[in-house]
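Below are my notes on the model you sent, as numbered points. Please read them beside the coordinates.

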Amino acid sequence: MPEITTPRDLFLHELGDILYVEQKLTEEVLPKLIQEVQDPDFRKGLERHLDQTRGHITNLEQIFDSMGEQSETEKCLGFEGLKAEHDEMTSEVSESLIDIVDAGAAARTEHYEIAAYNGLIEMARALGESEAVGLLEENLKEEREALREVESVAKKLRDETKSTATS
Ligand SMILES: [Fe+2]
Ligand SMILES: [Fe+2]
């Protein structure tokens, strides 16, 4: 027998998935990246997004609350895959390339979060959960900003390798 049988159950499950992602990012992944990267602009952007990510958790918990549910995380294998890919890459590249690997991993993560929030917003709308829609849109907006920012950092870092490759 399937455990998830209604659109509401599915929404709550997917909400738990993204809560897992935001918690992992806050407790483990972003602090580690902040330590790891060399580029000061990149580090500042990560620090800002760590702050925003704490707010994402608060918003998600508020959604559970507004629906009369306990907040509960669901292990997100998509995110675990992105993380495993990143960890493997960083163990294989020389130190001078770590920032580029990290920027690529950060951009992939933002894309993943954006896709998750887009889906959740549509589900919340269909369920008539207007408070959830508003809170999810706040998170989505910040993920989009973070993606734009990390993409411009990634471009800068990749452009810098162009000059070292030709000189
Ligand atoms: Fe987030
Ligand atoms: Fe994010």
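1. Glu-137 touches Ile-121 and Arg-125, leaving out residues up to four places away in sequence; contact here means heavy atoms within 4.5 Å. The side chains of Glu-137 and Arg-125 are joined by a polar contact of 2.8 Å. A polar contact is a pair of N or O atoms within 3.5 Å; within protein, one must be able to donate a hydrogen and the other to accept it, and residues adjacent in sequence count only if both atoms are side-chain atoms.

2. This is a predicted model, in which local features need pLDDT of at least 70 and side-chain atom pairs count only at pLDDT 80 or more, while totals for chains, interfaces and linings use all residues. Residues are numbered from 1 along each chain as its sequence is written, chains are lettered from A and ligands numbered from 1 in the order in which they are written, and side-chain values use heavy atoms, with hydrogens and water left out.

3. Glu-137 is found in helix H5; helices (H or I, at least four residues) are DSSP runs, numbered from the N terminus. Its relative accessible area is 36%, so Glu-137 is partly exposed. The classes are buried under 20%, exposed over 50% and partly exposed in between (1.4 Å probe, protein chains only). From C-alpha to C-alpha, Glu-137 and Leu-120 are 9.5 Å apart in space and 17 residues apart in sequence.

4. Glu-113 bridges the iron ion (ligand 2) and the iron ion (ligand 1), which lie 3.5 Å apart.

5. His-49 lies in helix H2 (residues 40-66) and counts as buried because its relative accessibility is 5%. Glu-110 counts as buried at 6%, and Glu-143 is buried at 0%. The side chain of His-49 also makes a polar contact of 3.2 Å with the side chain of Glu-143. Beyond four places in sequence, the contacts of His-49 include Leu-30, His-56 and Ala-146.

Key. Helices (H or I, at least four residues) and strands (E, at least two) are DSSP runs, numbered from the N terminus. Donors are N, O and S atoms within 2.8 Å of the metal (3.2 Å for Na, K and Ca); water is not among the atoms, so sites may look incomplete.
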